[in-house]
Each structure stands twice: as C-alpha cells, then as structure tokens.
Amino acid sequence: MGKMSVTLCGIPLDNPVIPASGTFGFGYEFAALYDINCLGTFSFKGTTKDARFGNPTPRIAECTAGMINAVGLQNPGVDKVINEELPKLKKVFHKPVMANVSGFAVEDYAYTCERLDREEQVGWLEVNVSCPNVHGGGMSFGTNPEAAAEVTRAVKAVTKKPVIVKLSPNVTDIVGIAKASEEAGADGISLINTLLGMRIDLRTRRPVIANTMGGFSGPAIFPVALRMVYQVAHAVKIPVVGMGGVSSAEDVIEMMLAGATAVEVGAANLVDPFACKTIIEELPAVMEQYGIDRLSDIIGGVRNG
C-alpha cells in the first residue's frame, strides 16, 4: 500500500481526495483541464430517477468565506446518465466512480440505485438523504433516523455495491442518524452536506437566491464539519467520508485525524478547478512536515486530553 493510499469500503484508492458531488459534474468536463485519474475517485453529479431542471435562477451566490447554492439537483435523470454520461466518462477516467443518488420517495432511491448498481464503472453508491435545496425530499429523509434507515434498507435490498449514506448537518443529533443508517445496513457514512443558509441583498431587500434559502458551503463550515465527522467516526464501526469546507492538504489530514477514511472537496472546486489536483500534489510535503509516513495510519488518530 502506497503512502497516500487508503481503502474505502473494500475498494482501494490511490489517495483519499474525492471531488464532491455537484462540484465536479460527470468528470469529463474537468478532464479537459488535467488528467483526473490522479484523483482517488470522485462523486458525480447528484442523479435522480427522472430528469430535473432544478430551481429558478439566481441559484448560486458568493458570501463571506463561502457560498450559498440552491441548484435543486438539476440532472438529466438516471437513464441518460447511464446511456450518455457514463460512456463519456469511461473514455477519460479509468477507476471506479462514486454515484451520488437523490430521491423524493423511498421507491425513487431504490429504483435509481438498482440501475446504477449494474454499471461496471460504479464503485460506490453515495445515497444523498441530505440535500437542503429541494422540496418534498432529500433532507426530509436525512433529518429523521427512521426515515434515513428506511431509505438505507430499501437501497441495500436491491444493490450489491457499497452504500454510503450522505447525511445532513441540519439536525440536532447527527450521531443518532448515522447509527440508524449503520444498523440498517449502510457500508459507510459521508458528511457533511451543506448547512442551510440565507443572505439578503440590501439594495433590493430580497434574498440573494430565488429559492430564499440554500446550502451554505465553503471554508466557514469546516469546524462544524470536522466536529461532526469526529462524533460520527467515534460512534460507528463503518468508514466515514469527511467533507465540508475542505480546501487544502492540511484540511485533508485534519479530517482524517478526526476519523475520516477519505475526504471530499466541494466548494473549492468551484473557486479553482485545479483544487483537488493541487491538494494531492501538496499532500506528500505536508505529510513529511508532520511526520506522517502513511495516511492510512492516521485515520481517527486525534489525541484527546
């Protein structure tokens, strides 16, 4: 095993750096800029059973130390993802990819996951029960332990590949929801999705995005994300994928010390499309600086007291 390699739900990664869903498209867009095979893997654009246009515009706005978005899961639907997007991806990415799935009913999640589970390119199914930008689904499942468990059981019943449940930070007890997902059969947990945020334009006195509220992401949420990754990683026996405000090699190491096996990078990709490539290139020097021989050795290695 290489110095930067880790194993996520039984599948080896050359390194733990994973572009987060919604910030890396279906991969081939970034392949025009650099060889994306340098990534551990990436989580492709959130996919639903049917095509979605998404929320009205404006739906992305910058704010202090981050951004607010309410894209609303715009995607072409699972059939087009399988028939059009994955074949294009296969030409430029030669590793297993993480399929991010959303739904508005338990049956939607099961249908979409069952379809994607059959695809050779798909290594993991990241089941998003945490999107704050859509009505009637997404986060409504992720804020209730029983609902999160119900989605997990339904997906596990129709799939063979590892299922990683993506959780919302917009809850009182993140550990309870993580444990409910684990007990229902989840193979891993990823967290956190965006915090629910809002900004107002003082000139118009209107919210800066048409949806009024949206997902707040970026460096400002890193301490909250790190705290939740630490709490969950110490409460469950399955791997944790950490994310939320990660923008540097140092952030990756901090997330892994808190308990993350792998680390997703989100908003930073929208600021700098080379963010993940740069983080991977800088990891060896940062590892040397802090006396780290193998990244796999530091998972959950935070010292308390």
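Trainee: Let's start with the inside: what percentage of the 305 residues in the chain is buried?

Mentor: First, this is a predicted model, where local features need pLDDT of at least 70, side-chain atom pairs count only at pLDDT 80 or more, and totals for chains, interfaces and linings use all residues. Residues are numbered from 1 along each chain as its sequence is written, and side-chain values use heavy atoms, leaving out hydrogens and water. We say buried for under 20% relative accessible area, exposed for over 50%, and partly exposed for in between (1.4 Å probe, protein chains only). With that cut-off, the buried part of the 305 residues comes to 57%.

Trainee: Which residues have the most contacts inside the largest nonpolar core?

Mentor: A nonpolar core is a set of buried Ala, Val, Leu, Ile, Met, Phe, Trp, Tyr and Cys residues joined through side-chain atoms within 4.5 Å. The largest one here has 89 residues, and its largest share, seven residues, comes from helix α10 (residues 275–289). The residues with the most contacts inside this core are Leu 8 and Leu 191.

Trainee: Which tryptophan is in contact with Leu 8?

Mentor: Contact means heavy atoms within 4.5 Å, and we leave aside neighbours within four places in sequence. The partners of Leu 8 include Leu 13, Met 98, Ile 164 and Val 241.

Trainee: Is Met 213 buried, partly exposed or exposed?

Mentor: Met 213 sits in the loop between β12 (206–207) and β13 (214–217). Beyond its neighbours within four places in sequence, Met 213 is in contact with Ala 70, Leu 196, Gly 197 and Met 198. Its relative accessibility is 40%, so Met 213 counts as partly exposed.

Trainee: How far apart are the C-alpha atoms of Met 213 and Ile 68?

Mentor: Along the chain, Met 213 and Ile 68 are 145 residues apart.

Trainee: Which residue is joined to Ile 192 by a cis peptide bond?

Mentor: Most peptide bonds are trans. A cis one joins Thr 57 and Pro 58, with omega about 0°. Ile 192, in the loop between β9 (188–191) and β10 (195–197), has a cis bond too, with omega about 10°. Its partner is Leu 191.

Trainee: What phi does Arg 205 have?

Mentor: Most residues other than glycine have a negative phi. Cys 9, in the loop between β1 (6–8) and β2 (11–13), has a positive phi of about 55°. Arg 205 lies in the loop between β11 (200–201) and β12, and it is exposed, with a relative accessible area of 74%. Though not a glycine, Arg 205 has a positive phi of about 60°.

Key:
Helix = DSSP H or I, 4+ residues; strand = E, 2+ residues; numbered from the N terminus.
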